[in-house]
Amino acid sequence: MKQDTFSLGGKKFHSRFILGSGKYNVELIQAAVEHAGAEMITLAVRRANSDGEGNIMDFIPKGVTLLPNTSGARNAQEAVRIARLSRELGCGNFVKVEIMRDSKYLLPDNQETVKATELLAKEGFAVLPYMYPDLNIARDLVHAGACAVMPLAAPIGSNKGLATKEFIKILIDEIDLPIIVDAGIGRPSQACEVMELGAAAVMANTAIATAGNIPQMASAFRKAIEAGREAYLSGLGRVRETGGEASSPLTGFLRD
Amino acid sequence: MNGQLQKKLGCMEYMEGMEQIDSDIMDKVLKARETYQADRYTAEDVKQALEHERCTIEDFAALLSPAAAPFLEKVAWKAKEEKEKHFGTSVYMFTPIYISNYCENYCIYCGFNCHNRIHRMKLNTEEMEKEMAAIAKTGLEEILILTGESRAQSDVSYIGDACRIARKYFRMVGLEVYPMNSEEYAYLQNCGADYVTVFQETYDPERYERLHLAGHKRIFPYRFHAQERALRGGMRGVAFAALLGLSDFRRDAFATGLHAYYIQRKYPYAEISFSCPRLRPIVAMADSQEDGQKKDAVSMKKKEVMSVAGPLGKTEVSERELMQIMCAYRLFMPYAGMTISTRERAKFRNHVVGVAATKISAGVSTGIGSHSEEVEERGDNQFEIADNRDVSQVFQAVKAQGLQPVMNDYVYV
């Protein structure tokens, strides 16, 4: 069977589960990565910007690709500065653009995100913008040089699941870049559903961080994401919305 | 602010040089405080508040009321859940540095007030550097710069020098200094500070006037609008507090929450946080055997406040009540930061960071020049603290609660 992989920034990934590293104890990161089978992990540049004891960078297993995020940026310029700092800190070439002008719901500012994506892509970053699922903005992000688009399923940390499902389906249909669903996925079944829709990958943090057993939940997500992907690849059976098939077809009288 | 009260109270008139901004937040907060009747709420109101997904102003009022006291355990569980949603297990660590204890205000409850015969001093830049280097060695990456409120002794450029030095040693620099104009905040933001804390002390203007007898601090509205001016000056975050125990604490906590709430509505990008100081209470102190001496000091303070400001009435805040207030803040604004003061005992602090608070200080001294061996002269303390643990002790205690101590989660941009 052909290997099912996807590419980001010229790098091939087998795992379709991008794990978050915030909100839980650093000692558990290694186990979470292993149980998740994750090849990519996000971390806040502002959190990595530390020399102190318990610095998160010391706890991220070798061989895992870092996806540093620009959380704390309130506009495109700040996101660019944080991304550059990320490079200086040795966090690599990937960057997840997160720009928020709202401290309550932490909803992304789509316009500023497009600007930052363009600036950072020009500087050679592999840019993954976190965005509110809007088709026009997604197209702008493609033109700006993004290597994937990361629409939110629900507000960050809310564990509310696929609240923006219809709009994410549109992005999956219309955008040629990988669609990675980020934020709001609260349980494995929701991650599975995202993958069934044809998303390239799922990113989750709070759902795992707030679980009773973090490695076990990471493992549950892994299985759900794999199941959803397999279902998507196999072609889901259609859903009969209106009961059984009629025995006397409406088009039976037509001549060939 | 209604006109009558404004005329009656001298504390409502601005002094020369104080910037006045166009804002209706004070009127809204004071009106709500005045009409808040904590006794009106019932167990049913509290139950409903706990069921709501988003805590309304009425829910917040119910959670602060005496009717919520029997539900404290339930409230705490919900607070913990909200805290984890927004902050996970992270607990941020910092320490304050007092760089000057000169003060021109006469606040009758404060150790720094201008009539107290304490040893006054301020650090020069060389001493600041030594102090900050000594603090940085403990592993901390966030510092809160404090001064007494004297524009003459610690002017804005002096505080700016402190911010620049702090930027060399720390990732994150906060300020808890006298309120100033927005362009002065802009200057200090440029020097490296990004967070401003101003305690309103009490949101009861009449009581405020009787407690703050002289100095710039006497001007209630100038203090009230400090957070707004700080944000206009470009600061990233602002913190709010009432010194619980100076007046009706439920009303003051209600007003503190609303103050923060309206600021966030008007400046949605602002990072909001709360501090939760209380006048050291007599009841809790009496439980503590080793604190005999401090108990006397606190009794003295209470007596002094009463003699000038009138009887305190139902203002004393027990530990349970403090917990209730912190949880109410958490549920009302689940995304807000919250600092737990060293005025509280270690055990309380250890537990409350797992439920409601997000930030804890360590290695604290409220005196001047006490972090470094190399600074010989020392200035007296603002208040006694109840938790003397150093940075590594607090770090370990936080870990022992199953939480993650975080030294920095911030970038200055």
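**View 1. Chain B as a whole.** Of the 413 residues that make up chain B, 62% count as buried, where buried means under 20% relative accessible area, exposed means over 50% and partly exposed lies in between, computed with a 1.4 Å probe on protein chains only. This is a predicted model, in which local features need pLDDT of at least 70 and side-chain atom pairs count only at pLDDT 80 or more, whereas totals for chains, interfaces and linings use all residues. Residues are numbered from 1 along each chain as its sequence is written, chains are lettered from A in the order in which they are written, and side-chain values use heavy atoms, with hydrogens and water left out. Chain B has 17 helices and 11 strands; these are DSSP runs numbered from the N terminus, a helix being H or I over at least four residues and a strand being E over at least two. Among the contacts in chain B with a separation of 6 or more, 76% come from residues 24 or more positions apart, a contact being heavy atoms within 4.5 Å.

**View 2. The nonpolar cores.** The largest nonpolar core has 132 residues, and those with the most contacts inside it are Met132(B), Ile145(B) and Met326(B). Such a core is a set of buried Ala, Val, Leu, Ile, Met, Phe, Trp, Tyr and Cys residues joined through side-chain atoms within 4.5 Å. When residues up to four places away in sequence are not counted, Met326(B) touches Cys276(B), Met338(B), Ile340(B), Phe348(B), Val352(B), Ala356(B) and Ala357(B). A second, separate core has 47 residues, including Phe17(A), Leu19(A), Val114(A) and Ala218(A). In soluble globular proteins, nonpolar side chains tend to be buried together.

**View 3. The interface of chain A and chain B.** Here 30 residues of chain A are in contact with 32 residues of chain B. The two chains bury about 2700 Å² between them, 43% of it on carbon and sulfur atoms; buried area is the accessible area (1.4 Å probe) that two parts lose on being put together, summed over both. Between the chains there are 15 residue pairs in polar contact, with both residues at pLDDT 80 or more. A polar contact is a pair of N or O atoms within 3.5 Å, of which, within protein, one must be able to donate a hydrogen and the other to accept it, and residues adjacent in sequence count only if both atoms are side-chain atoms. On the side of chain A that touches chain B, helix H2 (45-48) and helix H3 (76-88) of chain A each supply at least two residues, and H3(A) gives the most, with four.

**View 4. Salt bridges across the interface.** Three salt bridges are found across the interface of chain A and chain B, a salt bridge being a side-chain nitrogen of Lys or Arg within 4 Å of a carboxyl oxygen of Asp or Glu. In one salt bridge, the side chains of Glu78(A) and Arg236(B) meet at 3.9 Å, N to O.

**View 5. Arg251(B) in helix H12.** Arg251(B) lies in helix H12 (residues 249-266) of chain B and is partly exposed, with a relative accessible area of 23%. Leaving out residues up to four places away in sequence, Arg251(B) touches Arg33(B), Glu34(B), Tyr36(B) and Gln37(B), and the side chain of Arg251(B) reaches the backbone oxygen of Glu34(B) at 3.3 Å.

**View 6. Glu82(B) in helix H5.** Glu82(B) is found in helix H5 (residues 72-87) of chain B and, at 9% relative accessibility, counts as buried. Apart from its neighbours within four places in sequence, Glu82(B) is in contact with Arg330(B), Leu331(B) and Pro334(B).

**View 7. Salt bridges within each chain.** Asp4(A) forms a salt bridge with Arg229(A), the closest N and O atoms being 2.9 Å apart. This pair links distant parts of the chain, with Asp4(A) in the segment before strand S1 (6-8) of chain A and Arg229(A) in helix H9 (residues 214-234) of chain A, 225 residues apart. Asp4(A) is partly exposed at 26% relative accessibility, whereas Arg229(A) is buried at 13%. In chain B, the side chains of Lys47(B) and Glu44(B) meet in a salt bridge at 3.8 Å, N to O; because they are three residues apart in helix H3 (residues 43-51) of chain B, they are separated by about one helical turn.
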